[in-house]
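Here is a friendly walk through one protein model, in questions and answers.

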Amino acid sequence: MKRIFQAILTLLLAISVSAQSVSVDSVPERKKVAIVLSGGGAFGAIHVGFLKVIEEAGLPVDIVVGTSMGSIVGALYSVGYNSNDIESMFNNMDWADLFLDNKDYQHLPLSERDAQSTYFYERDFYAHGGTDPQPGGVIRGTNVESTFRRYLKGYTDSIDFLKDLPRQFACVATDLVDDDEVVLTHGSLVKSIRSSMSIPGVFTPVRMNDMVLVDGGAKNNFAADVARKLGADIVIGVKFDLGLDKNRQYRTLIDVMERSAGSDVSRRAKENEKYCDLVIHVPVRGFTSGSFTEKALNTLIDRGETATREKLDSIYILKRESGALPDHDYSIHLRDIKSVTDSDDGPTGLINIHETNVFLASAGLRLDTEELVALQVNGRYFMGDKLNKEFNLTLRLGARSMVRAGFDIEPWQFKKMGVSYEFGYNTFNIYTRGKRSNNLSFIYQNADVKLFSIDAMNFDFKIGMGWKHFHHFQDLWDEYSEINVDTNEYYFNYNARVRYSNEDDHYFAHRGVRAEAQYEYYTDNFAGWNGKDGFSAITALVQATIPLTRTTHIRPGIQTRMLFGDDIPLMERNAAGGISYGKYFSQQLPLPGLGHVEMFKNKFLSASLRLQQRLLGRHYLLVDGSVAEQNESLSDIFSDKPIWGAQIGYAYNSIAGPLGATVGWNSLAHRYYFLISLGFDF
């Protein structure tokens with residue numbers, strides 16, 4: 001009996017081992033699948049649509065190879081974002097800011113926010129033997145690196161892309177030193193994709209060891225051969241197709257670059273198709289590589305999805321050939337892009353953003369129907385010593401022209417002292433109840449001593465003293481004029497100002513509060529004015545941005561300027577009108593609906609409300625209303641009939657500043673005004 005039992009047990013074990021052997025041998029090891037994502041700027045959005053379909057099909061992806069924008073999409077996919085995450089990134093990314101060197105607005109001191117909201121271009125240069133770490137391009141790509149350092153958090157150290165990522169990854173760049181392609185598979189993931197998308201002459205090259213790297217599209221925009229070299233058994237490639245257009249003249253730089261780098265004219269890209277088991281051509285006609293609008297990107301994503309679905313049968317065949325199990329989930333969704341966009345890993349409190357021995361050059365340009373054209377350039381030199389000395393020079397050319405020079409020291413961190421001198425010429429019209437009454441032309445001098453100041457991230461404070469001189473030319477003084485002016489005005493002033501702002505944008509804020517208060521005391525002998533006590537001015541304003549929906553915001557605000565004293569000179573009287581602060585008079589307050597400058601009584605108060613509606617992408621509809629009160633006495637400020645106005649405008653938030661048109665009406669002037677403008681206010 002015992003022997004019979006042992007025989008049965010031996011037979012069962014043999015059957016079990018045999019069954020296991022058959023099971024293992026009958027399911028061969030799965031083949032490696034690679035996807036190849038081509039470059040092409042905004043055309044890279046087609047890859048998102050492609051990823052949607054292969055995820056639905058359950059196709060396993062082991063290797064991702066990308067060039068330029070394909071390297072960005074590929075890196076995100078390799079670290080664990082899925083197609084929905086990457087689509088969200090494409091839709092919510094501010095591509096204009098991404099491809100510029102503008103620093104994060106909310107993490108700048110207020111003075112730096114002022115500068116960033118004035119100049120459309122800034123570039124720093126190293127002086128006195130300092131070495132510029134990344135010369136050779138207009139844009140340094142600092143925002144690209146900082147943005148993707150957040151998205152790729154956890155993989156920003158030096159790593160092996162073939163071992164340390166959820167999916168194996170490689171991207172292609174071009175080495176300017178030996179004029180050859182470079183396949184990047186280890187090192188800094190952020191630096192690697194930054195190298196792969198660095199358009200020569202536009203972005204500064206990336207230096208790695210002895211290599212100087214630029215856009216991989218210059219050598220291999222469709223790197224299917226690289227996927228094979230990395231051991232891929234099955235390769236699926238995605239390319240954009242511009243389509244043949246014999247009538248196209250190819251006269252622009254973008255036309256030529258797109259045609260040579262991304263179409264079948266590119267011999268290398270065409271030859272590399274032989275390494276693919278499947279190539280998906282996505283039509284992109286009607287768009288360019290710079291079509292980064294929300295509408296264009298969504299259309300390109302849809303086209304990528306449509307073109308891939310047309311090849312769905314071929315994808316299922318390749319899936320079976322790969323040995324993938326039909327019901328197995330091969331997706332890798334380890335990260336959520338929303339958690340990145342909702343987080344705030346930026347600096348807080350006081351920050352120092354400038355290196356020493358650096359010269360910073362800035363340029364601003366404005367076109368409008370009032371001044372026609374204005375240009376402003378600024379140079380700042382940051383000296384490297386214990387006092388952190390800074391010299392700055394500003395030149396403005398236009399109907400209002402000036403030159404200003406300043407020198408600051410920072411004996412304690414973020415606490416400054418300094419002096420400045422400004423000389424300028426100004427000419428503009430003053431209106432009285434809507435009728436032009438004066439054409440005011442003058443030269444002026446303004447010297448300022450900054451006794452103490454604090455310049456923080458959301459807060460600044462300054463106390464100082466100054467001297468002003470105005471010399472007037474009375475070109476036109478007609479019957480409507482109610483003002484008198486001396487040919488020369490001289491006075492000293494003592495001043496203190498405090499500001500707070502946590503707004504996320506100067507012109508089109510989506511959240512935050514801005515507040516400011518300033519006190520000035522004027523004299524002609526450091527103590528009094530015309531044999532009496534000096535006169536003083538108190539200015540205050542506060543504005544909040546309140547979101548109603550994701551695209552709709554209201555911005556209520558209140559502003560006031562109160563003058564106390566006698567014989568107040570013209571250039572310090574209350575002035576209001578226009579759409580920006582301090583346009584013609586330094587103390588000028590904007591007043592919706594009033595398109596020109598009017599002089600007001602000593603006590604002035606106004607309230608305003610803006611409806612800000614984002615239409616699409618960077619397009620905005622702006623509706624403003626205001627009501628104002630004025631009087632010579634504070635107790636009687638509400639005695640007179642209020643002044644009210646309204647205006648409606650359209651604006652496009654361009655990289656060169658707001659481009660817009662505004663039409664308005666005000667009860668004081670009883671007339672409409674119309675303004676077209678392009679550029680930042682300065």
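**What covers the helix α12**

Q: What covers the buried residues of α12?
A: The cover includes α2, α4 (83-92), α5 (95-98), β13 (278-283) and α13 (312-322). Please keep in mind that this is a predicted model.

Q: Which residues of α12 are buried?
A: They are Ala296, Leu297, Leu300, Ile301, Gly304, Glu305, Ala307 and Thr308.

Q: How do you know what span is expected for α12?
A: The expected span is 1.5 Å times one less than the number of residues. Helix α12 covers residues 294-309, which is 16 residues, and the expected value is 22 Å. From its first C-alpha to its last, α12 reaches 23 Å, close to that expectation.

Q: How does the reach of α2 compare with what is expected at 1.5 Å a residue?
A: Helix α2 (residues 46-57) has 12 residues and reaches 17 Å, close to the expected 16 Å.

Q: What makes α2 mostly covered?
A: Buried residues make up 10 of its 12. Among them are Ile46, Val48, Phe50, Leu51, Val53 and Ile54, and the buried set also includes His47 and Lys52. Just after α2, Gly58 takes a positive phi of about 75 degrees.

Q: Why is Leu563 called buried?
A: The term needs a relative accessible area under 20%. Leu563 has 1%, so Leu563 is buried.

Q: Where is Leu563 found, and which residues does Leu563 touch?
A: Leu563 is found in strand β26 (residues 552-564). Leaving out residues up to four places away in sequence, Leu563 touches Ser536, Ala537, Ile568, Glu572, Arg573, Asn574, Asn602 and Lys603. Ala537 is 26 residues apart from Leu563 along the chain, yet their C-alpha atoms are separated by 4.6 Å.

Q: Why are Cys171 and Cys276 called buried?
A: Buried means under 20% relative accessible area. Cys171 has 0%, so Cys171 is buried. Cys276 has 13%, which is also under that cut-off, so Cys276 counts as buried too.

Q: What lines the second largest cavity?
A: Its lining is made up of Arg366, Glu370, Gly578, Ile579, Ser580, Lys583, Tyr584, Gly595, His596, Val597, Tyr673 and Leu675. About 70 Å³ of space lies in this cavity, and the structure holds four cavities of 30 Å³ or more.

Q: How much space lies in the second largest pocket, and which residues are closest to its centre?
A: About 400 Å³ of space lies there. Of the 17 lining residues, Glu370, Tyr431, Tyr584, Gly595 and His596 are the closest to the centre.

Q: Which strand gives the most to the lining of that pocket?
A: β33 gives the most, with five residues. Both β18 (415-432) and β33 (671-678) supply at least two residues each.

Q: What does the protein chain look like as a whole?
A: Its secondary structure comes to 14 helices and 33 strands. Of its 682 residues, 50% count as buried. The chain exposes about 31,900 Å², and carbon and sulfur atoms supply 57% of that. Among contacts between residues at least 6 apart in sequence, 63% join residues at least 24 apart.

Definitions and conventions: Residues are numbered from 1 along each chain as its sequence is written. This is a predicted model: local features need pLDDT of at least 70, side-chain atom pairs count only at pLDDT 80 or more; totals for chains, interfaces and linings use all residues. Side-chain values use heavy atoms; hydrogens and water are left out. Helices (H or I, at least four residues) and strands (E, at least two) are DSSP runs, numbered from the N terminus. Buried means under 20% relative accessible area, exposed over 50%, partly exposed in between (1.4 Å probe, protein chains only). Contact means heavy atoms within 4.5 Å. Accessible areas come from the Shrake-Rupley method with a 1.4 Å probe; for residues, only the protein chains shown count as cover. On a 1 Å grid over the protein atoms alone, a cavity is a set of points where a 1.4 Å probe fits but cannot get out, and a pocket is an open set with protein on both sides within 12 Å along at least five of seven lines; lining residues have an atom within 4 Å of a point. Grid points are joined across faces, edges and corners, and a volume is the space filled by probe spheres set on the points.
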